[in-house]
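Open the model in your viewer and keep the selection tool at hand. We will go through it stop by stop.

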Amino acid sequence: MTNDETFPNRVAERLAALPRVRAVTLGGSRARGTHDSDSDWDFALYYRGDFDPAELRALGWEGEVSGIGDWGGVFNGGAWLTVDGRHVDVHYRDLDAVERELAEARQGRFHWEPLMFHLAGIPSYLLVAELAHNRVLHGTLPDPEYPAALREAAPPVWHGRAVLTLRYAEGAHVRRGRVTEVAGALATAAMQLAHAVLATRGEWVTNEKGLLRRAGLGEVDGIVAGLRPEPEALRGALCEANQLFESAAAEFR
């Protein structure tokens with residue numbers, strides 16, 4: 001069994017040898033150096049043309065291998081595997097799509113789509129954020145800076161979503177005492193606003209882990225924890241959240 005020093009390069013060599021793969025990266029906490037002993041290993045394989053996941057499955061690693069596009073239009077697909085006793089995630093990245101979203105981001109354009117395990121969904125520039133964060137183990141990839149046009153365009157979009165999410169919760173759920181629905185709206189809106197704050201700062205976001213703390217919105221925890229099923233209590237919680245959100249929004253106004 002390989003040790004943690006040689007493991008990523010060993011995996012990258014196997015992935016890079018697959019047909020149509022042009023580059024392999026290590027991402028997540030392992031790339032940032034913030035991991036602990038139980039952290040997963042996140043790899044991305046960048047391919048050109050028609051990559052066939054069956055080639056990855058044929059490597060014989062235990063786990064689940066998805067098809068192209070099974071995880072959405074932006075996130076594409078990937079695999080959850082066990083390699084040498086380690087939990088390994090492999091993400092498929094189409095270089096044509098990556099280059100397209102890089103060009104779009106430089107023009108301040110992006111789109112949004114839902115993704116499992118992400119409360120606020122993901123922006124298409126997530127593919128660009130990965131280029132900036134991931135460590136290249138094989139091949140050559142761009143290393144983009146945060147585009148000035150995206151810093152201008154993204155915050156109002158995310159902020160607008162947060163405002164509408166809370167407004168809907170107030171109109172549809174508060175007077176009926178729907179605690180779960182209000183809690184969900186608060187959590188979602190907080191993540192949306194956090195995206196706005198980080199975009200204003202020109203800081204890339206690749207997932208929602210730690211996102212609220214990075215944006216200075218950790219106080220949302222206390223608001224959600226104090227929710228009660230009385231309309232007045234829920235209305236007060238949303239008022240408190242709006243005040244916190246307005247303070248955070250001042251960063252990009």
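This is a predicted model: local features need pLDDT of at least 70, side-chain atom pairs count only at pLDDT 80 or more; totals for chains, interfaces and linings use all residues.

**Where the domains meet**

Now show the residues at the boundary. On one side, 20 residues of domain 1 make contact; on the other, 18 residues of domain 2 do. How much area do domain 1 and domain 2 bury between them? The figure is about 1600 Å², with 69% of it on carbon and sulfur atoms.

Select L119, A120 and Y125 next. In domain 1, these residues lose the most area to domain 2. Together they make up 33% of what that side buries.

Turn to the polar side of the boundary. Between domain 1 and domain 2 the count of salt bridges is zero. Polar contacts do occur: three residue pairs link domain 1 and domain 2 in this way, counting pairs with both residues at pLDDT 80 or more.

**The domain 1 face**

Which elements supply at least two residues each to the side of domain 1 that touches domain 2? Select α4 (95-106), β7 (118-123) and α5 (126-133). The largest share, six residues, comes from α5. Color this side of domain 1 by residue class: twelve residues are nonpolar, five are polar and three are charged.

**An annotated stretch**

Over residues 10-63 the chain is 31% helix and 30% strand. Pick the end C-alpha atoms of this stretch: they are 18 Å apart.

**A salt bridge to finish**

The model's salt bridge count comes to twelve. For one of them, show the side chains of R30 and D4, which meet at 4.0 Å, N to O. R30 lies in helix α2 (residues 28-32), and D4 lies in the segment before α1 (7-16), so the pair ties together parts that are 26 residues apart in sequence.

How values were computed
Residues are numbered from 1 along each chain as its sequence is written. Side-chain values use heavy atoms; hydrogens and water are left out. Contact means heavy atoms within 4.5 Å. Buried area is the accessible area (1.4 Å probe) that two parts lose on being put together, summed over both. A polar contact is a pair of N or O atoms within 3.5 Å; within protein, one must be able to donate a hydrogen and the other to accept it, and residues adjacent in sequence count only if both atoms are side-chain atoms. Helices (H or I, at least four residues) and strands (E, at least two) are DSSP runs, numbered from the N terminus. Ala, Val, Leu, Ile, Met, Phe, Trp, Tyr, Cys and Pro count as nonpolar, Asp, Glu, Lys and Arg as charged, and the others, Gly among them, as polar.
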